[in-house]
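Subject: Structure handover and notes

Hello,

Here is the structure for your files. My notes on it follow below.

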Amino acid sequence: MSAAKPDVLVVGAGPAGLAAALAARRAGGSVVLLDAAADVGGQFWRHLPPERPAERERLLHHGWERFTALRRALVEDPQCEVVTNGQVWMVERRGGGVPRVHVLEGPADGMDRRRRVFEPGALILATGAAERTLPFPGWDLPGVYTAGAAQALAKSERVAVGRNVLVAGAGPFLLPVAASLLRTGARVAGVLEASRWSRIARGWGARPDDLRRKGPELAGYVRDLARNRVPYRTGSAVVAAHGTDRVEAVTTVRLALDWSPIAGTERRISVDAVCVSHGFVPRAELAVAAGCRTGPDGSVTVDRLGRTTVDGVFAAGELTGVGGSDLALAEGTIAGTAAAGGTPTEGARRARAIHLRFKARLEAAHGIGPGWKQWLTGDTVVCRCEDVTVGDIRGTAAATESRGLRSLKLSTRAGLGPCQGRVCGRTVEELLQGQGLLDGGRTGNRPIAALVRLGELADLEDEE
């Protein structure tokens, strides 16, 4: 199979990827923009399918006009190929050159996906981040959703996950999720933020002028909650879900500054769904497969131009650290320009610096505290794919005295199910940190980055 050789290949068509593709075109490079979804926009601009459009879809999104302008510019450009339903399943290192990228194009459940290979002059990874949910007893019950899943259903299907829903976790993302649920007709029983007001104030209080751009967006969410009389409580968390066939109630508790539960503050709330999010972790499996260096939080290490530690490979957006759509747009613009051989403007550099400060304050105000492990019990399921509990993990580590994450995964099967540790990987690592792990972070190492049928692999071998 002959390989396509664009000047720049961009993987991921969210804010960072769209901005990178447009910047690379403006710098004179030919571009291929890849995304596994059926349309561009990523999770931030996830929208209704074209066969079921909304009359005023822009009301569901922030920056909708910017998105439509980016999409139109790229789709109408003959030097930019936009590939949707394009799943990267392997990044192949090539002895010092830019990695070769293997793609299956077509619906994920299709039987006749098209096989494509790319050998770009430069590769930009803009694969975003995955939502992180800390486990608690009962979190595997039907009716417990990630906040992102609830918002995706609200945006792309206009479906509410329940009639009486509680939103809980940490970070400003909880606010648009609650607003999306309200617009789909759900009653939101409350929004619980794990960080206390004192920490939130310290995190966001520095340089308030930098937050002016976020003011109108925040005010809109506050109006939505106030109009619908939705309580917003800080220093609180869901620590258990109850029910037989699905969620019927949750237990909430007040938290100390380190997120440890305060005894005697438990409260039971009747709900039929709960949406939980404790932030995001970078989706770094393609970057790890390409050989890029990552930091302690799993984010890809880049320089001021978005270059990774692998020649010709760039990274932008949430992959380099979670900081919101504005930072992703700025980083994408810089990386796209540099990847095509151009020089980023001073305006793009200045925007990136401003939004990097926003990222730092986000972590300071809402970063996960160590005390959350205290709400776990021995029979709390951690790996839902393989039904592995906290007791299984800790007991195996103690019995084997193993210090290798790989050996502990093989012994317990945590992280070996269909999601390949994407949901539980960071949690397993943190539960085992006291063991002095020798190879922490290996849950992000997935040479085969997506589900591939054996028949598809056989076809690939025949073509070779």
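How many residues does the largest nonpolar core have, and which of them have the most contacts inside it? The largest nonpolar core has 41 residues, and Val250 and Trp375 have the most contacts inside it. A nonpolar core here is a set of buried Ala, Val, Leu, Ile, Met, Phe, Trp, Tyr and Cys residues joined through side-chain atoms within 4.5 Å. Buried means under 20% relative accessible area, exposed over 50%, and partly exposed in between, with a 1.4 Å probe and protein chains only.

Before the rest, the basis. This is a predicted model, in which local features need pLDDT of at least 70 and side-chain atom pairs count only at pLDDT 80 or more, while totals for chains, interfaces and linings use all residues. Residues are numbered from 1 along each chain as its sequence is written, and side-chain values use heavy atoms, with hydrogens and water left out.

Cores

The element that gives the most to the 41-residue core is strand S13 (residues 236–242), with 4 residues. Helices (H or I, at least four residues) and strands (E, at least two) are DSSP runs, numbered from the N terminus. Trp375 touches Leu134, Pro135, Phe136, Pro137, Ala237, Val239, Leu255, Trp259 and Pro261, leaving aside residues up to four places away in sequence; contact means heavy atoms within 4.5 Å. Another core lies apart from this one and has 32 residues, including Ala21, Ala24, Trp64 and Cys80.

Parallel sheet

An open sheet of 5 strands runs in the order S3-S2-S1-S7-S18, with parallel pairing. Two strands pair if DSSP finds at least two bridges between them. Strands S3 (80–83) and S18 (313–315) are at the edges with a single partner strand each, so one side of each has no neighbour in the sheet. From one strand to the next, the twist averages 15°; axes are lines fitted to C-alpha atoms, for helices over the stretch in contact, and angles run from 0 to 180 degrees between N-to-C directions.

The individual pairings are as follows.

- Strand S2 (residues 31–34) is joined to S3 by 4 bridges, and Leu33 has Val82 of S3 as its bridge partner.
- Strand S1 (residues 8–11) pairs with S7 over 4 bridges, with Ala122 of S7 as the bridge partner of Val8.
- S7 pairs with S18 over 3 bridges, and the bridge partner of Leu123 in S18 is Val313.

In strand S7 (residues 122–125), Ala122 and Ile124 point one way, Leu123 and Leu125 point the other way, and all are buried.

Antiparallel strands

Strand S4 (residues 86–94) and strand S5 (residues 97–105) run antiparallel and are joined by 7 bridges. Val88 stands opposite Val103 in S5. The two strands form a hairpin with 2 residues between them, and Gly95 in the turn has a positive phi of about 60°. S5 is also joined to strand S6 (residues 114–118), by 5 bridges and again antiparallel; Leu104 has Arg115 of S6 as its bridge partner.

Helices

The axes of helix H5 (residues 197–205) and helix H9 (residues 346–366) come within 7 Å and cross at roughly 170°. H5 and H9 are therefore roughly antiparallel to each other: angles under 35 degrees count as roughly parallel, over 145 as roughly antiparallel, 65 to 115 as roughly perpendicular and the rest as oblique. On the H5 side the contact is made by Arg199, Ile200, Gly203 and Trp204, and on the H9 side by Phe358, Arg361, Leu362, Glu363, Ala364, Ala365 and His366.

In helix H4 (residues 174–183), 9 of the 10 residues are buried, so the helix is largely enclosed by the rest of the structure. After H4 comes Gly185, with a positive phi near 95°.

Most residues other than glycine have a negative phi. Trp259, which is not a glycine, has a positive phi of about 75°. Trp259 lies in the loop between strand S14 (249–254) and strand S15 (267–270) and is buried, at a relative accessible area of 0%. Gln420 also has a positive phi, near 55°. Gln420 is in the loop between helix H11 (405–412) and helix H12 (425–431) and counts as partly exposed, at 35% relative accessibility.

Regards
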